[in-house]
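This report goes through selected side-chain contacts, surface features and helices of one model. Please keep the sequence and the structure open while reading.

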Amino acid sequence: MWTIFLKLCSVFLMLFLGFMARKRQLVDAASTRHLAALVTNLIYPALIYSAIVRGFTLSQLWDNRLLPIGAFIIMGVGFAVGQVCLRLFRFEDATREGAFLFQCTINNYSFLPMPLALVFGGERAVALLVFSTIGSELAVWTLGIYALKGRKLAIGELRHLLSMPMLAISAALLTLAAEQLLGTLGHNPFKDVAQLRDISTSLLDGLALFGKGTIPIAMVMTGSRAAGLRPHHLLGRDTLLVAGLRLVLLPFLAGVLFIKLPMDPAVRQVLLLVATMPSAIASVMLSELYKADADFAASTVVVTHILCLLTIPLWLALWNVT
């Protein structure tokens, strides 16, 4: 467990550097938003595309199809638990209920587990994590938005599934499908013709190098956002309830489910890692956008990210994820 804690501390060091950059006014709220747009729309999609194309064949993705399914199940279990809590507990108002249900459903499924996946399993684990985000993104723009909008969902909200990360995943799948088709036909010019092979390899290497900026920039961006939060009632009942559900009950339920299911150990490792994550920082922005309780979302983000320094090593040690 000590080794896991040290590895987690190396991740939070990057968060701390982003926090200090904001406090020392090296970045501000506007530049943080610009970094978020840069990572989301360019750097992260480059990582997604290169990781999938370089790391898998179409048949290998099919063999790992439990990843996006499992990620959606993690969010779905959180959604179900949140719905039960809404019936058991009285909340301040509808905006608090929406933010609470979102925080139970969606966690920090991408940027925070990514450096941990890199430490534990190398670039292969990062590629598996990236593939799992298909299920997570689907959960955000269905179950998550349903929660924030007062348990209503307009069909138009599904347009957000056409985000740059999702388009990068689609492009990677199309590339792998084209490669398989060309291989079936017996001639793949991008592999058989030396010049085309060199060009395609060089382009992929460039995208991969560009995409590697995702982790440090995302961590700095996340630290900067945390420094800009002004949450209230950090120790309120609802905040502590989210922390207990998000960091204790939901990882426990995921562990019971995924440890019993027959699956590739690398797939299980990624899903268990995702299940331990704290509340999503993006919940603050989405709560503001959809007029849910953004202050409450901010407080749960701060509390769960502090406490996960203890809970993540405990869970990963218990499950022997190393």
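Which side chain meets that of arginine 54 in a salt bridge? The partner is aspartate 205, with N and O 2.7 Å apart.

## Basis of the values

This is a predicted model, in which local features need pLDDT of at least 70 and side-chain atom pairs count only at pLDDT 80 or more, while totals for chains, interfaces and linings use all residues. Residues are numbered from 1 along each chain as its sequence is written, and side-chain values use heavy atoms, with hydrogens and water left out.

The structure holds 5 salt bridges. The term stands for a side-chain nitrogen of Lys or Arg within 4 Å of a carboxyl oxygen of Asp or Glu. Side chains of opposite charge can pair when their charged atoms come close.

In the bridge between arginine 54 and aspartate 205, arginine 54 belongs to helix 2 (residues 29-55) and aspartate 205 to helix 9 (residues 194-211), so the contact ties together parts that are 151 residues apart in sequence. Helices here are DSSP runs of H or I with at least four residues, numbered from the N terminus. Arginine 54 is partly exposed at a relative accessible area of 41%, and aspartate 205 is partly exposed at 38%. For these labels, buried means under 20% relative accessible area, exposed means over 50%, and partly exposed lies in between (1.4 Å probe, protein chains only).

Lysine 212 and glutamate 123 form a salt bridge as well, at 3.4 Å from N to O. This pair links distant parts of the chain, 89 residues apart: lysine 212 is in the loop between helix 9 and helix 10, and glutamate 123 is in helix 6 (residues 113-148). Lysine 212 is partly exposed, with a relative accessible area of 47%; glutamate 123 is partly exposed, with a value of 47%. The C-alpha atom of lysine 212 is separated by 10.0 Å from that of alanine 51, which is 161 residues away along the chain.

## Arginine 237 and its partners

Aspartate 238 and arginine 237 form a salt bridge in which the closest N and O atoms are 2.5 Å apart. Bridges with shared partners join Arg96, Arg237, Asp238 and Asp293 into one network. Aspartate 238 is buried at 7% relative accessible area, whereas arginine 237 counts as partly exposed at 42%.

Arginine 237 also lies over the face of phenylalanine 91, at 5.3 Å from the ring centre. A charge sits over a ring if NZ of Lys or CZ of Arg is within 6 Å of the ring centre and within 35 degrees of the ring normal. Another such contact places the charged end of arginine 65 over the ring of tryptophan 62, 4.3 Å from its centre.

## Aromatic pairs

The structure holds 3 aromatic pairs. In one of them, the ring centres of tryptophan 315 and tryptophan 319 are 5.0 Å apart and the planes lie at 25°, so the pair is stacked. Rings of Phe, Tyr and Trp (its six-membered ring) pair if their centres lie within 6.5 Å; planes under 30 degrees apart count as stacked, over 60 as edge-to-face and the rest as tilted. Both tryptophan 315 and tryptophan 319 are buried.

## Nonpolar surface patch

What is the area of the nonpolar surface patch that includes Leu66 and Leu261? The patch covers about 720 Å², and other residues in it include Ile73, Phe252 and Leu257. Patches are made of residues with over 30% relative accessible area and no salt bridge, with like charges joined within 9 Å and nonpolar side chains (Val, Leu, Ile, Met, Phe, Trp, Tyr) within 5 Å. Accessible areas come from the Shrake-Rupley method with a 1.4 Å probe.

Helix 4 (66-88) and helix 11 (237-260) each supply at least two residues of the patch. Helix 11 gives the most, with 5 residues. Isoleucine 73 is in helix 4 and counts as partly exposed at 34% relative accessibility.

Helix 10 (residues 214-228) has 15 residues, which at 1.5 Å a residue should span 21 Å; its end C-alpha atoms are 21 Å apart, in agreement. The expected span is 1.5 Å times one less than the number of residues. Among the buried residues of helix 10 are Ile215, Met219, Met221 and Arg225.

Glutamine 25, in the loop between helix 1 (2-23) and helix 2, has a positive phi of about 65° although it is not a glycine. Glutamine 25 is exposed, at 71% relative accessible area. Proline 262 lies in the loop between helix 11 and helix 12 (265-275) and counts as exposed at 72%.
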